[in-house]
Amino acid sequence: MEPFFKKLLAMDRRWIFLALGLAVIFPTFIHLNLPGLKPSPNVTAVYDLIEGMPEGSKVLVSFDFDPASKPELAPQGVAVLRHLFRKKHKVVAMGLWVTGVTMAKDIVTRSAKESNAKYGEDYVYLGWKPGNFAVIENMAGDIHGCFPKDNDGNETASLPLMKGIHKLAEFDLVVSLAAGSPGIDTWIAYGSDKYHFKMTGGTTAVNVGSMAQYVQAGQMVGLIGAMRGAAEYELLIDKRADAAAGMDAISLGHYLIVIFVLLGNIAYFVTRPRKGGA
Amino acid sequence: MGHLKRTVPLWIAFIFGVGLIIQYFVPHPISQKALGMTQKWLVIVVFVALLLGLGSLLQSHLRKIKAQSAGWGYSVVTLSVLALTVAAGFHPNNDKPGGPLLWAYTNAYSPMSSTMFSLLGFFIASAAFRAFRARSLEATLLLCTAVIVMLGQVPLGAYIPGVSNLSAWILGVPLTAAKRALTFGVALGSIATALRIIFGIERSYLGGSE
Amino acid sequence: MIRAVAIVLLATTAAAAQAPADFKVYDKPGDAGGAIIAEWKGLPDEGKPMAEGGVEYVVSLGLSKDGPWTEIERFPGTLHRKNEAPDLFGFSKSNDSEHFIELEGLVPPPGGPWLGTGRSLPTWVKLEVKSPAGAAVAGPLMAEAAPDWWSWNKSNVLLFILFFGGATFWLISKARRDPNIFVRRIPGLDAMEEAIGRATEMGRPILYLNGLNGMDSISTIASVSILGQVSKRVAAYDSQIMVPCYDAVVLSVCQEVMREGYTAAGRPDKYREQDAWFITQEQFSYVASVDGLMIREKPAACLYMGYYYAESLLLAETGGSTGAIQIAGTDSITQLPFFIACCDYTLIGEELYAASAYLSREPLQLGSLRSQDAGKIFIIATLLIGALTAAAGFPFVKHLMATF
Amino acid sequence: MEIFGAWLAVGLTLFMFSFLYKDNPFYKVGENLYVGITIGYFVIQLWYKTWIDKVWDVLKGEAHDRFLVLIPVVIGILLLTRFVPKISWMSRWAFAFVIGYGSGLAIPATLTTSVVIQAQATAKPLITMPDKSEAAAKATEGAKANAEKVAAAPAPAGETTEAKAKREEGVRVARYKYLNARSQSEYSFLTAYKDFTTIVIFVGVFSVLFYFFFSIEHKGPVRVFSRIGILFLMIYFGASYGNTVMGRLSLLYGRILDLKDYSRPMYGCATPVILVLMIAFLAFLHVKNKGKEEEHAA
C-alpha cells in the first residue's frame with residue numbers, strides 16, 4: 001500500500017481538478033436525485049399561491065438579475081414558469097436589468113416551448129426599459145404606453161394577451177426574481193404597496209436575509225431562496241431539473257473534497273517516518 | 001523646496017484626516033455637504049489617475065511589442081481589444097439592448113469573469129487536499145472543523161447524527177468569537193496606522209527626502 | 001441644543017380628563033435640522049385598554065398658535081415611549097413612563113416645506129388626550145427646527161479616539177526616551193528576509209501584491225510601507241522585484257516607495273520604474289493576468305500584503321503550484337482561511353499593521369505599535385467590567401457602548 | 001449576432017478553463033483579451049459616470065459653487081506630474097490628500113462598526129440571573145399552557161403531508177417558545193446552554209486578543225491564553241473554509257450549466273465543437289513540443 005499512498009501524496013493537482021469536474025458535470029446529464037431535500041415553508045408558500053389561483057390568471061414575471069446570478073435564479077425562473085404554464089396561467093415576462101435581457105428571453109422561450117405555450121396568447125416577453133422604478137410607475141398607469149413594442153418589435157397592442165391587460169393592477173400576481181436592486185424591493189415599494197397586487201419572488205443566497213423581511217411583514221407571499229430553493233420548487237412541481245441536479249452536483253463536490261482530505265490524511269499517516277521505528 | 005516636498009504633504013494629510021474625524025461628529029448640513037463633495041472629489045481624482053494607469057499600461061505593452069519579446073503578439077491583443085471596447089463605448093447605442101458595449105459585456109466580459117470566479121471551485125478542492133493534514137493539534141482542529149462544516153452544508157449531512165447541529169454550533173459560537181477578536185485587532189491596527197499617518201509618523205508613502 | 005419654549009401651558013378645556021404633565025416641544029438635538037421633538041409624562045392609567053380608562057394621544061401641528069391644526073398621529077398610551085430612543089433620552093428608568101414623538105419631514109396640506117431639511121418655520125404642536133372620561137389638551141407650544149453643530153450622543157466614540165490618540169502620543173514619546181522596546185517575534189516577517197535571500201540565490205524575482213483596495217484604504221497604506229522595507233532588502237541583496245498594480249494611485253505610490261527603498265540601501269542605480277506597473281482595475285482580469293505571470297516568471301517568493309477578496313485563493317493556490325515561498329498578510333478576515341491553507345506564512349489581521357513597524361525597527365513606529373496593545377487592554381478591561389456589572393444588574397457599560 | 005455571441009462566450013469560457021490544464025496559447029489570448037476589455041470598460045464607465053456626470057455637467061450647470069469641482073481635477077493633474085521627473089514630487093500632494101482622507105474617514109467608522117458595536121455584543125453577563133418577577137413567571141406559565149394546547153390539538157381528518165408538516169412545525173415553535181420563556185424565569189437547561197455559549201465567546205475573544213499582544217512576551221499565563229487563542233483561530237479558519245465550498249461549487253456548476261446550454265443545436269453546438277478543436281490543438285502542440293524536446297535531447 002505504501003507506494004500507492006506515496007504517489008497519492010505527490011499527486012498532480014490536475015487529477016483533483018479532473019475528479020471534481022466530473023463530479024460536477026455528471027449529475028447534469030444523469031439525475032441522481034440524492035435524498036435529503038425538503039421543501040421549506042417559504043418555497044411551499046410560493047407554490048401554494050400559484051397552485052391556488054384560478055386557471056388563466058394573469059401573472060407578471062420580472063427577471064431582475066444578470067448572468068452572474070444565473071446559476072441561482074435561472075432554475076427558479078424555469079421552475080416557476082413551468083408551474084405557471086402547467087396551471088394554464090397567462091404569463092407576461094420582462095426585466096429591470098438591461099444585462100439580463102437576452103438571458104431572460106432564452107429562459108422564457110425555452111420554458112414556453114416545452115409547455116406548448118403560444119406566443120402572444122399564453123405568454124409575452126416585453127423585454128427591458130430604462131428607468132428602474134420609473135418603469136414600474138409607468139406600467140401602473142399604462143403598460144402599452146410604457147412598452148409600445150415587445151422585445152421582438154411586435155406592437156404590444158396587437159398581441160391578443162396584451163389586449164386584456166392595460167395596467168399593472170390588473171395582474172393577479174407579480175413574481176420578481178431578483179439578484180439585488182432594482183428587484184423585489186422596488187416592485188414592493190413602487191408597485192404592490194401602492195397598487196395592491198399580490199407579490200412573490202425569489203432571490204440569491206446573499207440576499208435571502210434582507211428579502212425575508214418582506215415576507216415577515218406580509219408585503220410578499222413566500223420567497224424562493226437560491227439554488228436550494230429552486231431545487232425545492234422543482235420537488236414540489238415534481239419535475240427535477242437544473243437546480244436538483246445542481247444540488248446533487250454540489251453535494252458530490254463536497255463528498256469528493258472530504259474523501260480527498262481523508263485519503264490525504266491516511267496517506268500522510270501511513271507514509272510518515274515513524275519515531276524510533278526499526 | 002524641502003518644505004513643498006515634505007512638509008506640505010504632511011499638512012495636507014493632517015488637515016484632511018482631522019477634518020474628517022471632526023466631520024463625523026457634526027450633523028450640520030454644511031458638514032454633510034462637505035463630506036458628500038469631498039467623496040466626489042476622491043472619485044474624480046481616481047478618474048484622472050486612470051490616465052496614469054493607461055500610461056503605464058501602454059508603456060509596458062508597447063515596450064514588449066517594440067522589442068518583439070516573447071509573447072508580444074498577446075500585447076497586440078490587449079491593446080486592440082482595449083481600443084475596440086472604448087470605440088464601442090462611444091457608440092451612441094452603447095448600453096442599450098443590441099448595443100455593442102452591452103454585447104461585449106454579455107458575451108465576453110461576463111462569461112470570462114464568472115469562469116475565473118468558478119475556477120475557485122477547483123482550487124478550493126486542491127488547496128484542501130494539500131493543506132488539511134493532521135500534522136499538529138492546530139492542524140487537526142482546522143481539518144476537523146472544515147470537514148464537519150462541509151458535511152453540515154449538504155442535504156445528506158442531515159442523515160449523519162449530530163453533524164448539522166455541531167456544524168451550526170461551530171458557525172454560531174467559536175466562529176463568532178474568533179471573528180470578533182479578529183475584528184477588534186484589525187480595527188485597532190487600522191486606527192493606529194491611520195493615526196500614525198495623520199500625525200506624520202508613518203510617512204513612507206512620501207518616498208525619499210530629496 | 002434646546003431653543004425651545006419650555007414653559008408648560010396647561011390648557012384645561014375638558015375638565016374630566018387629566019392633561020399630561022411636562023409637555024415640551026423643542027428642536028431635535030444633534031441633527032441636520034428639519035425635526036422637532038415633543039415630549040410629555042405619561043398618565044397613570046394609559047396602559048389600560050380604552051374601555052377600561054386607558055388613553056389615546058393625538059398630536060397635531062399648526063403654523064400659528066390658533067391653528068388651523070393638522071392631525072399627525074393618533075396612538076394609544078402604550079406607544080412612543082422615551083425608552084425607544086436612547087439616542088435622544090439615554091437609558092434613564094423614568095423613560096419607561098414618558099412619551100415623545102419625533103416630527104420630521106412633514107408637509108402641511110396646502111403644500112410648502114414645513115419641517116424640511118435645515119432650518120424651517122416656527123411650528124406649533126398641540127397634544128390632545130382622549131379617554132372615556134373626556135378630553136384634555138396640552139399646548140400648543142412652539143419650536144423651530146434648526147441644524148446643530150455637534151452630535152453629543154456620539155461622545156463615546158470621541159472619548160475612545162482621544163484615549164487612543166493620547167495613548168499613542170504618550171507611548172511614542174516614551175519610545176523616544178527609551179528606544180529599547182520588546183516586540184514578540186512574528187515568524188512571517190522573519191521569513192521575509194529568508195525569502196528574499198532565497199530569490200537572490202535562485203536568480204528568480206519576487207512578486208509583491210498590494211491587494212485590491214485603493215490608496216485610501218488603510219490596508220493598502222500598510223502594504224505600501226511594507227513594500228518600502230522589502231524593496232530596501234531587495235536592493236541590498238541585489239534581487240529583483242515585480243509589483244503588478246491594481247490601482248493607478250497605488251502604482252505611483254509604490255514607485256515612489258521603491259525608489260526610496262533602493263536609495264536607502266545605497267543602490268539607486270538598480271531601481272527600475274517598470275518593475276511596478278498597472279494591469280487593470282477589475283478583480284478577475286487582474287487575477288488572470290497575475291496568475292499567468294506567476295506561471296511564466298516562476299517567482300521565488302510571492303508576497304501578498306493588503307486587502308483581498310474572493311481572488312485570494314486563485315492567487316495563492318497558483319503561486320503555491322509554482323513552488324514559490326508564499327507569505328501573505330491581510331486584514332480581510334473572510335479571506336484569511338485561504339491564505340492560511342496555501343501560504344507558508346500568514347500575517348493574521350492586526351499583524352499586517354504591525355509589519356511595517358516590525359521591519360523598520362524605528363522606535364517611533366514601535367512605540368505606536370504598543371498603542372495597539374493598549375487598545376486591546378482597554379477592550380479586554382471594558383468587556384470584563386461590562387460582563388461583571390451586567391451580571392450584577394447594572395448595564396451601564398453596555399449603555400456606554402451604544403452607538404447612534 | 002446571437003449565435004456569434006454564444007460562440008464567443010463559450011470559446012472564452014473554455015479558454016479560461018484551459019488554465020487548469022496548464023498555461024497555453026488559448027489562456028494567454030483569453031487573459032489578454034480580458035484585460036483589454038476590462039480596461040476599456042473601465043475607461044468608458046469613468047468617462048460617463050465620473051467625467052461627464054460629476055465634472056462636465058456640473059461645470060456646464062448653474063450652481064454657484066460649480067467651480068469647486070476643479071479642485072479634484074487639479075489634484076488629479078498633480079498626480080500626472082509623475083510623467084515629468086523634475087516636478088514629479090508634486091504628485092505627493094495628491095497622495096497626501098488620498099491617504100489623509102482615507103485615514104480620517106476610517107477612524108470613526110472603524111471604531112463604531114468594529115469596536116463599539118462588537119464590544120457591546122460581547123459584554124453580556126456570563127451567568128444569567130433568572131428574572132424572578134411575577135410577570136416573567138406569568139409569561140412562562142402562559143407559554144407552557146399554549147405549548148400544551150398546541151401539542152394536544154388532534155390532527156384533522158384527511159390531513160395532507162404538507163399540512164401535517166406545518167402543524168408539527170407549530171408544535172415545535174410553541175415548545176421552543178415555552179422553553180425560552182422558562183430559561184428567563186428560572187435557571188433551566190436552556191439557560192445553562194445560553195450561558196455556556198456566552199462564556200465560550202468570551203473566552204474566545206479574550207484568548208485571540210492575547211495572541212495578538214505584540215509588546216508582551218508570550219510566556220506563563222499569556223502563553224496559555226494565546227495558545228487557546230490559536231485554537232479558536234484554527235476553528236475559525238476551518239469552519240469558514242468549509243462554509244465557503246458551497247458557494248464556490250455553485251458558481252462552478254453555473255458555468256457548467258451555461259456550457260451545457262450552449263451545446264444545443266440552436267447555438268450550433270458551440271461547446272462540443274470548440275472543446276474538440278481546442279483539445280486537438282493542445283494535443284498537436286504537446287506532440288510538437290515533445291518532438292522538439294527529443295531533438296534537444298538527441
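Analyst: A polar contact is a pair of N or O atoms within 3.5 Å; within protein, one must be able to donate a hydrogen and the other to accept it, and residues adjacent in sequence count only if both atoms are side-chain atoms. Across the interface of chain B and chain D, this rule finds 16 residue pairs, both residues being at pLDDT 80 or more. The model is predicted: local features need pLDDT of at least 70, side-chain atom pairs count only at pLDDT 80 or more, and totals for chains, interfaces and linings use all residues. Residues are numbered from 1 along each chain as its sequence is written, chains are lettered from A in the order in which they are written, and side-chain values use heavy atoms, without hydrogens and water.

User: What makes B:Glu138 and D:Arg227 a salt bridge?

Analyst: A salt bridge requires a side-chain nitrogen of Lys or Arg within 4 Å of a carboxyl oxygen of Asp or Glu. The closest N and O atoms of B:Glu138 and D:Arg227 are 2.6 Å apart, so the pair meets the rule.

User: Why is the pair of A:Tyr47 and A:Tyr233 called edge-to-face?

Analyst: Rings of Phe, Tyr and Trp (its six-membered ring) pair if their centres lie within 6.5 Å; planes under 30 degrees apart count as stacked, over 60 as edge-to-face and the rest as tilted. A:Tyr47 and A:Tyr233 have 6.1 Å centre to centre and 70° between the planes, therefore the pair is edge-to-face.

User: Why is the pair of D:Phe281 and D:Phe284 called tilted?

Analyst: The centres of D:Phe281 and D:Phe284 are 6.4 Å apart and the planes form an angle of 45°, so the pair counts as tilted.
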